[in-house]
Amino acid sequence: MSGFEANFDGLVGLTHHYAGLSVDNKASIHNRDRVSNPRKAALQGLMKMKALADAGFVQGVLPPQQRPNIPALRNLGFTGSDEQVLDKAAKYSPVLLSKLSSASSMWTANAATVSPSADSADQRVHFTVANLNNKLHRSLEVETTAAALKATFADQNHFVHHQALVQHENFGDEGAANHNRLGGEYGTPGIQVFVYGRSALRGSPVPQRYPARQTLEASEAIARLHQLNPAQTVFVQQNPVAIDSGVFHNDVIAVSNRNVLFHHQYAYLDQDQVLAEIKEKMAVLGHDFVSIEVSSEQVSIEDAVDSYLFNSQLLSKADGKMMIVVPEECRQSATVWAYLQSLTAQTSSPINEVCVFDLRESMRNGGGPACLRLRVVLNDAELSTVNPATIMNPRLYDRLTQWIEQHYRDELCAGDLVDPQLLREVYTALDELTQILNLGSIYEFQR
């Protein structure tokens, strides 16, 4: 059955602020304590969704989460009305309140790992929600993410939803940000590439400066849950040098689409061996493997991280070529922009177009175009059962634009998180959003 790749982008939340919560994320740390513009951030992300939908790509929307996270604060012993809980938490620790107010769920590349029906033994699409246990503020996303995905992909004949892996560092799972799929046509069987930072139970080289968030054991567990054929899976270790350079997820150093892997010279440990294994397994399925390796002479790891060159989207166009979607930061880097112009000018290159989006408000918090989207390979029958209210079209774009402009603030800093009026604004906005997207009661404040 024919297939295609749908991208479901996360809406930036109303409490989007620059708190520098991830020490291994250079952009997040660099922009700590700046005043953010949640409205602009949400509109920039929404514009990307609309532009890609207008270009003919299947584009969906996933909601932000309830923040500040009052239920979590209550779980930590803060009592009283919601306003009193906020006030007590702020007095106890502004840092804790900031973490429990993070809008990081906009990075839906971390929402889950998704395997298409063409690869799974039961011929259904499998979702495993990421446990994200390396960071407190991200680990609290699991329950709402699961509810949102189930409300979006509800048909049990086509979709299987697995609960997150056990919340322990041995099974640290960061979702699709450490997962690639390679193959031919989307609807045919492909190779799933799981990228890990360390092995928790068997030992492996580890980075010295920053944590390796994803474990081999988590990746192996997901492959089992998704009923994948071992002949169609590859487990590769991210280069510790890259992690220590700020490559906290694989999607900061590599991106794939169909038979193409676009990656840096130092993306993986034992890279030649990794590429050879992928090529061999691709050949068994009848696919040619195309590796586009960017050397450090062409683009240094530092420039790649600063520009988010690899945190891009590779999209297949009607003419058989591919378009690469990059953030404005790539155009602002002379080295990176020169490389992209050279890449697309080559007649032999499968990538012949660069599409640039200004996502600076969310980029300053540490994520580019690829962080904002969850890739879901579907066929026509599966798409027909997806919640239609979440699929981008001109009407939904206009409705969400109006919703953002009505409810979002244009300035926010960490000190505003204690404002009870902000909490009321969040409740009102999210209650309305669940109706727009027909999600049901996915938030705990709904009664």
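This is a predicted model: local features need pLDDT of at least 70, side-chain atom pairs count only at pLDDT 80 or more; totals for chains, interfaces and linings use all residues.
**Figure 1. Overall fold of the chain, with 17 helices and 15 strands.** The C-alpha trace spans about 60 × 45 × 45 Å along its principal axes. The radius of gyration is 21 Å, which agrees with the value near 22 Å that a compact globule of 447 residues would have.

**Figure 2. Burial, contacts and surface of the chain.** Of the 447 residues, 61% count as buried. When contacts between residues at least 6 apart in sequence are considered, 76% of them join residues at least 24 apart. The accessible surface amounts to about 17000 Å², and carbon and sulfur atoms account for 48% of this area.

**Figure 3. Helix α13, residues 334-345.** This helix has 12 residues. From the first C-alpha to the last, α13 reaches 16 Å, close to the 16 Å expected at 1.5 Å a residue.

Figure 4. The buried residues of α13 are Val 336, Tyr 339, Leu 340, Leu 343 and Thr 344. They lie on the same side of the helix because they cover an arc of only 120 degrees around its axis. An α-helix has 3.6 residues a turn, so residues three or four places apart point the same way. On the face turned away from the buried side, α13 carries the exposed residues Ala 334 and Ala 345.

**Figure 5. Elements that cover the buried residues of α13.** The cover includes the strands β10 (260-264), β11 (290-294), β13 (322-327) and β14 (351-357). It also includes the helices α11 (301-307) and α12 (328-332).

Figure 6. A disulfide requires two cysteine sulfur atoms within 2.5 Å. The closest cysteine sulfur to that of Cys 355 belongs to Cys 330 and is 12 Å away, so the separation is too far for a bond. Cys 355 counts as buried because its relative accessible area is 19%, and the cut-off for burial is under 20%.

Figure 7. Cys 371 is buried, with a relative accessible area of 3%.

Note on methods. Residues are numbered from 1 along each chain as its sequence is written. Side-chain values use heavy atoms; hydrogens and water are left out. Helices (H or I, at least four residues) and strands (E, at least two) are DSSP runs, numbered from the N terminus. The expected span of a helix is 1.5 Å times one less than its number of residues. Buried means under 20% relative accessible area, exposed over 50%, partly exposed in between (1.4 Å probe, protein chains only). The arc is that of the directions from the helix axis to the C-beta atoms. Contact means heavy atoms within 4.5 Å. The radius of gyration is taken over C-alpha atoms; the globule rule is 2.2 Å times the number of residues to the power 0.38. Accessible areas come from the Shrake-Rupley method with a 1.4 Å probe; for residues, only the protein chains shown count as cover.
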